[in-house]
Amino acid sequence: MSNFVDEKMASIVVMKNGQRYTRTNRRYGQKGEVQVIRRKMHRVAGCVWVILLILTGCSLQMKRSEESLPEIKIGIDAMYTPYTYIDDQGKFAGLDIDLATEAFKRASYEPVFVAIDWKKKKDCLADKTVDCVWSCFSMDERQKEYAWSRPYLYSSQVVAVRSDSGINHVDQLRDKNIAVQYDTRAEKLFQQADPDKVPTVAYVYSLASLGECFQAMQSGNVDGVAGHRTAVETCAKSSDVSYRILPESIANNRLGVAFDKTHTPYRIKDALNKALAEMEQDQTIIKILHKWGMSAEQEYVKP
């Protein structure tokens, strides 16, 4: 009878835990139940560890992937406000800094900005000091000198004069002295003296930065400063002397990112072009322009 009861109890245990046991007594049944529970706990713990390892592995892999992004060295003119400059905290800032950071992030590259001597940008590309140059750089009339990205903005070239100047129109610059930044579109315009665009001036001063150009005009050494509209307007606002922009634009040009023509990294350039196209489509370029207080209609190359 006792065997029967023990066997029935064992059967109950079997049915309760979904396990089959041989004939045994109550004590064995309890021990077997504990063993089954332990085995199940070990299985659950094992599954938990597997899941944790998978999640941890994914997290480490994502972190490793982010840390191992290939670097892209971007040469900039660190004195070209508001496109590329050094802010009060000693960090690179500006419209082109934001655009480049977003574009290369989308292209899966880590941007590293390098302040270069803008006069030596072609040499910096040739000796691979930098991979590209991005600093409000005009593409027009330079197509044969560099390998270019697609245009991302455009800019008009203008002339600023002192507010107390008697010069009111571009054609009144004839036989006057003009200051421009070295190796810029404005420099070429006045040096070549295309009569359809600008008058023949007495002398063209090519200086290292627009800031120096405005200092020369403030001291009375030159009668006007020529350059990209937004950059000229920014320098004029920060000057102690009042300036005004002449109403006529002397040229309109596209802005792009320049690569060395002899060893162009086409994979990087193609990835950048794709990212810029996406930024045009989702209006990221317009949002960044608005952040810097610029007009989308004036600066934006529409797709």
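Where pLDDT is low, the predicted coordinates should not be read in detail.

This is a predicted model, in which local features need pLDDT of at least 70 and side-chain atom pairs count only at pLDDT 80 or more, while totals for chains, interfaces and linings use all residues. Residues are numbered from 1 along each chain as its sequence is written, and side-chain values use heavy atoms, with hydrogens and water left out.

For the chain as a whole, the mean pLDDT is 82, and 76% of the residues reach 70 or more. The secondary structure comes to 10 helices and 14 strands; these are DSSP runs numbered from the N terminus, helices being H or I of at least four residues and strands E of at least two. Of the 303 residues, 44% are buried, that is, under 20% relative accessible area, with exposed meaning over 50% and partly exposed lying in between, for a 1.4 Å probe and protein chains only.

I turn now to the helices. Helix 8 (residues 266-281) and helix 9 (residues 284-291) have axes that come within 5 Å and cross at roughly 75°. Helix 8 is therefore roughly perpendicular to helix 9, the class for angles of 65 to 115 degrees; under 35 is roughly parallel, over 145 roughly antiparallel and the rest oblique. The axes are lines fitted to C-alpha atoms over the stretch in contact, with angles from 0 to 180 degrees between N-to-C directions. L276, M279 and E280 in helix 8 meet T284, I285 and I288 in helix 9.

Next, the open sheet: 3 strands in the order 2-3-4, with antiparallel pairing. Strand 2 (79-80) and strand 4 (92-93) stand at the edges with a single partner strand each, so one side of each is left without a neighbour in the sheet. Strand 3 (residues 84-86) pairs with strand 4 over 2 bridges, and two strands pair if DSSP finds at least two. Y85 stands opposite A93 in strand 4.

Finally, is N252 buried or exposed? At 54% relative accessibility, N252 counts as exposed. N252 lies in strand 13 (residues 251-255) and touches D140, S155, S156 and R185, leaving aside residues up to four places away in sequence.

Methods
Contact = heavy atoms within 4.5 Å. pLDDT = per-residue confidence, 0-100.
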